[in-house]
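Work through the exercises below with the sequence and the 3D view open. Try each task before you read its solution.

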Amino acid sequence: MGKKSRVKTQKITAAAGMTPAPSSKEMLLLIGDLLEICSVSQVSPSKEWEEHLQIRAQVEKICKKQKGLSVVFPESREDYFGKFMTWASENGILTEGLEICLFPDEGYGLKTTQELKAEELFLWIPRRMMMTVESAKTSILGPLVAEDRMLQAMGNVALALLLLCERANPASFWRPYLCSLPSRYDTPLYFSMSELHHFLGTQAMHDVLAQYKNIARQYAYFYRLAQVNPAASKLPLRDSFTFEDYRWAVSTVMTRQNQVPLEDASHVTLALIPVWDMCNHTNGLITTGYNMEDDRCECVALRDFHPAEQIYIFYGNRSNSDFVIHNGFFYKGNVNDRVKIKLGVSKSDRLFAMKSEILARGGIPASTMFSLHCGEMPVPAQLLAFLRIFCMTEGELKECLVGENVMEKIFRLGDPDFPVSWDNEVKLWTFLETRVSLLLKTYKTSLQEDENLIADPQTSYRTKMAVRLRKAEKEILQGVVRYAACQRDTAHHLQKSGVPLPSPVVCKSTSFSEAGHEGLESKGEVCCEGWNNEETTKPRETSDSTNAMAGKADI
């Protein structure tokens, strides 16, 4: 599965009958142009695809000049698994009864060779066997981290650059781990233009294009930094640092990074966790934690596992959009799947000031992204509260701003059992049904066309992933339309029947915020910092396993 190549940097020369390696000046000019293209801060949605084509064209120019300059390993990754597991065991990782195995639909994962009972401890990894942001600070990369504010603010980038520095060192302690990693991934960063085209019209498209733009901009910034900053003079990145290198390193971190506490427990840091990061995802509960007394990450069995069975863990409460963009896989049957939708109160609304004030008191921005969920209850409390406020009359707004128990009234707005009024209910569900129906019309394919493309054996894995995501979005949106119509009809019937509104007792809510699953397991998930310089996300390799603390998918 791994890409065969050389351990040393392959410099293309004219003597070898190939294009000579580009000069430093030539590369800096190409890099400067890329940085300029990627530095346009705001682009209208209608121009995002056009901008991506420009960025892609410049990246391809750079990659053509850099062909053959990356550092890669001579054998397939599976050839290294035995040495990797031996290295892990010899250095304190509990690997007894565990094997790396290739599974038909999920790629590589962990298999148990013995009976495992639910909640039984089967894997631990001591701190010294984790590659962390602190590792980067004390490594050859340390002087550059100490000087550059971007590296200080973005631990995930520091980890990515550390991976490249260690990969270029034949004597690296981490070499067995590095050799076990995928050579390529199935995140959108690796999609061809034809594969990427299937995201057009989806709610995920903006994030897909933004991710590529952010990574391209970061690469241009750090390439130039490695060439001109004296603190980078001893780094292997100065001699060879290709876009392919950075894409690989970013994808490795995105698919595997997780937060672990520092030794003094003062705060958390990002870490890559060998062996554990081979586990694939399933629905369930988080079963990984950190034992501060023994200073190690520990994982217990999610359920009973029998000999020769694959061991799964739960990556956290994540949507398929998250999995595809940051992990490189689509999870069928994801009970936490959802679609993002942007809603806001117009500043031209005569009642904008009152509505925005109530929203602010409830912790909701006047304009923001909301989630529409799969399943029987697709509208979360935060969105329901927003819709109720959005559709309130002036009189209803005043009741939430003045008088007694106003905060109780505001926090009760997210409770489906206590409508503001039947008229308000009819309005909000009518609005949501109309808004989502319009969204559905923006998709260019039918569900049947999507199903046909997925069933076609000629369709590539990545195309199927994009189409499955597109299909899942439409199914969630269709479910929301049906739910909204049912709720509207119910409210209308109760209104016509003169049924009194339910009488509230005591408000138990404290906020509308939709908290995600926080915990050790969030493999390939959003952590502290981000590849967009705002939030951290991660992809997955394609044939590998994925974890709850990270997430992966390699070829």
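**Exercise 1.** How many of the residues of helix α12 (residues 320-327) are buried?

*Solution.* Start with the ground rules. This is a predicted model, in which local features need pLDDT of at least 70 and side-chain atom pairs count only at pLDDT 80 or more, while totals for chains, interfaces and linings use all residues. Residues are numbered from 1 along each chain as its sequence is written, and side-chain values use heavy atoms, with hydrogens and water left out.
- Count: 8 of the 8 residues of α12 are buried, and the helix is mostly covered.
- Name some: Asn320, Phe323 and His326 are among them.
- Find the partners: the buried residues of α12 pack against α10, α11, β7 (280-281), β11 (338-344) and α19 (461-497). Contact here means heavy atoms within 4.5 Å.

**Exercise 2.** Describe how α10 packs with α11.

*Solution.* Two packed helices are described by the angle between their axes and the distance between the axes.
- Axes are lines fitted to C-alpha atoms, for helices over the stretch in contact, and angles run from 0 to 180 degrees between N-to-C directions.
- Helix α10 (residues 205-228) and helix α11 (residues 243-256) meet at about 120 degrees, with axes 10 Å apart.
- Angles under 35 degrees count as roughly parallel, over 145 as roughly antiparallel, 65 to 115 as roughly perpendicular and the rest as oblique.
- So α10 and α11 are oblique to each other.
- The contact includes Tyr212, Ile215 and Phe222 of α10 and Tyr246 and Met254 of α11.
- By class, this contact of α10 with α11 has 9 nonpolar, 2 polar and no charged residues. Ala, Val, Leu, Ile, Met, Phe, Trp, Tyr, Cys and Pro count as nonpolar, Asp, Glu, Lys and Arg as charged, and the others, Gly among them, as polar.

**Exercise 3.** Is Arg388 buried or exposed?

*Solution.* 
- Locate Arg388: it is found in helix α14 (residues 381-390).
- Arg388 is buried, with a relative accessible area of 0%.
- A polar atom of the Arg388 side chain lies 2.9 Å from the backbone oxygen of Leu413.
- Leaving aside neighbours within four places in sequence, Arg388 is in contact with residues including Asp415, Phe418 and Glu425.

**Exercise 4.** Where do Val275 and Asp295 lie?

*Solution.* 
- Val275 sits in the loop between β6 (268-272) and β7.
- Val275 is not a glycine, but has a positive phi of about 70 degrees.
- Val275 is buried, with a relative accessible area of 1%.
- Asp295 lies in the loop between β8 (288-291) and β9 (296-300).
- The phi of Asp295, also not a glycine, is positive, about 55 degrees.
- Asp295 is partly exposed, at a relative accessible area of 22%.

Notes: Helices (H or I, at least four residues) and strands (E, at least two) are DSSP runs, numbered from the N terminus. Buried means under 20% relative accessible area, exposed over 50%, partly exposed in between (1.4 Å probe, protein chains only). A polar contact is a pair of N or O atoms within 3.5 Å; within protein, one must be able to donate a hydrogen and the other to accept it, and residues adjacent in sequence count only if both atoms are side-chain atoms.
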